[in-house]
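Reader: I have not looked at this one before. Can you take me through it in pieces?

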Amino acid sequence: MCGRYTITVTVEELMARFGLFDAPGIPYHRPKYNVAPGQMVLAVVHDGRNNRIGELKWGLIPEWAKEESVGAKMLNARAETAADKPAYRIPLRRKRCLIPADGFYEWKREGGLKQPMRIRLKDGGLFAMAGLYDTWLSPDGRRVSTCTVLTTAPNPIVADIHDRMPVILRREDEAFWLDRQVQDPADLLSLLRAYPAAEMEAYPVSQLVGNVRNDSPQLIEPIVPPDSPVQEGWLL
């Protein structure tokens with residue numbers, strides 16, 4: 001699953017990258033080095049005319065859900081089955097978003113230990129994870145807007161670390177993903193594939209990332225695990 005990621009850029013960089021004219025929904029954005037499930041995360045949607053950015057709670061609660069707690073079980077949606085699952089079928093057709101990031105974490109098992117790894121584009125730039133969103137009305141009248149990250153089979157870089165990876169959209173596919181006129185899943189599923197390994201890299205980081213309370217630049221600094229050989233694709 002994709003359970004942690006980073007977004008360490010400024011509001012201005014986000015606006016430039018995603019063609020945003022204004023960003024009223026994120027006036028207090030700051031770099032985040034350990035975004036975790038259940039938190040409010042930035043997401044880009046298209047309103048029919050322009051891209052807009054705002055915050056969604058990470059952990060999708062379907063519109064028809066009876067309890068808010070189901071969101072904790074819907075952090076990720078498997079791309080291969082999203083068109084068939086009741087929780088994701090309608091959002092895939094009508095409620096798609098981009099979730100900006102510049103890296104994500106997975107844990108690589110090494111003997112009896114798990115080494116956290118940060119995975120990113122080789123150029124260190126922003127990318128967009130494919131997301132779905134929905135709005136749930138609670139019994140007390142609250143409107144809760146939530147999202148999930150789509151995942152797929154990993155490319156060779158990530159496969160050495162984990163058996164799934166988030167769907168990272170090619171930049172040229174982002175507008176199509178957001179286009180509300182596109183509602184046939186068959187037209188969308190071809191986008192939900194592993195990002196090319198040749199354009200990505202992974203490197204080990206501090207065990208501090210395991211605690212969601214930790215959120216500082218130290219978390220993304222590369223380290224060399226003791227007695228671990230350098231592997232192809234690692235940034236060391």
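Author: What follows goes through the core, a helix, some strands and a few single residues. This is a predicted model, where local features need pLDDT of at least 70, side-chain atom pairs count only at pLDDT 80 or more, and totals for chains, interfaces and linings use all residues. Residues are numbered from 1 along each chain as its sequence is written, and side-chain values use heavy atoms, with hydrogens and water left out.

Reader: Fine. Which residues touch the most other members of the largest nonpolar core?

Author: Tyr5, Phe104, Leu150 and Trp177 do, in a core of 60 residues. A nonpolar core here is a set of buried Ala, Val, Leu, Ile, Met, Phe, Trp, Tyr and Cys residues joined through side-chain atoms within 4.5 Å. Buried means under 20% relative accessible area, exposed means over 50%, and partly exposed is in between, using a 1.4 Å probe and protein chains only.

Reader: And which strand gives the most to this core?

Author: Strand β9, residues 127–137, with six residues. Strands (E, at least two residues) and helices (H or I, at least four) are DSSP runs, numbered from the N terminus. There is also a second, separate core of seven residues, including Tyr105, Val205, Leu219 and Ile220.

Reader: Back to Tyr5. What does Tyr5 touch?

Author: Leaving out residues up to four places away in sequence, its contacts include Tyr33, Val35, Trp58, Ile99, Phe104 and Met129. Contact means heavy atoms within 4.5 Å.

Reader: Which way do the residues of its strand, β1, point?

Author: In β1 (residues 4–7), Tyr5 and Ile7 point one way and Arg4 and Thr6 the other, and all are buried. β1 pairs with β7 (residues 103–110) in the antiparallel sense over three bridges, and Arg4 has Tyr105 as its bridge partner there. β1 also runs antiparallel to β2 (residues 32–35), joined by two bridges, with Tyr5 opposite Val35. Two strands count as paired if DSSP finds at least two bridges between them.

Reader: New topic: helix α2. Which of its residues are buried?

Author: Ala87, Tyr88, Pro91 and Leu92 are buried in α2, which spans residues 86–94. They lie on the same side of α2, because they cover an arc of only 105° around the axis. That arc is taken from the directions from the helix axis to the C-beta atoms.

Reader: Why would residues a few places apart point the same way?

Author: An α-helix has 3.6 residues a turn, so residues three or four places apart point the same way.

Reader: What do the buried ones pack against?

Author: They pack against β5 (76–78), β6 (96–101), β9, β10 (143–152), α4 (174–178) and α5 (185–189).

Reader: Is β6 enclosed or open?

Author: β6 is largely enclosed by the rest of the structure, because six of its six residues are buried. Arg96, Leu98 and Pro100 point one way, while Cys97, Ile99 and Ala101 point the other way. β6 pairs with β9 in the antiparallel sense over six bridges, and Ile99 stands opposite Met129 in β9.

Reader: Last one: where is Arg142?

Author: Arg142 is in the loop between β9 and β10. Its relative accessible area is 38%, so Arg142 counts as partly exposed. Apart from neighbours within four places in sequence, Arg142 is in contact with Glu68, Trp136 and Leu137. Arg142 and Val35 are 107 residues apart in sequence and 24 Å apart in space, C-alpha to C-alpha.
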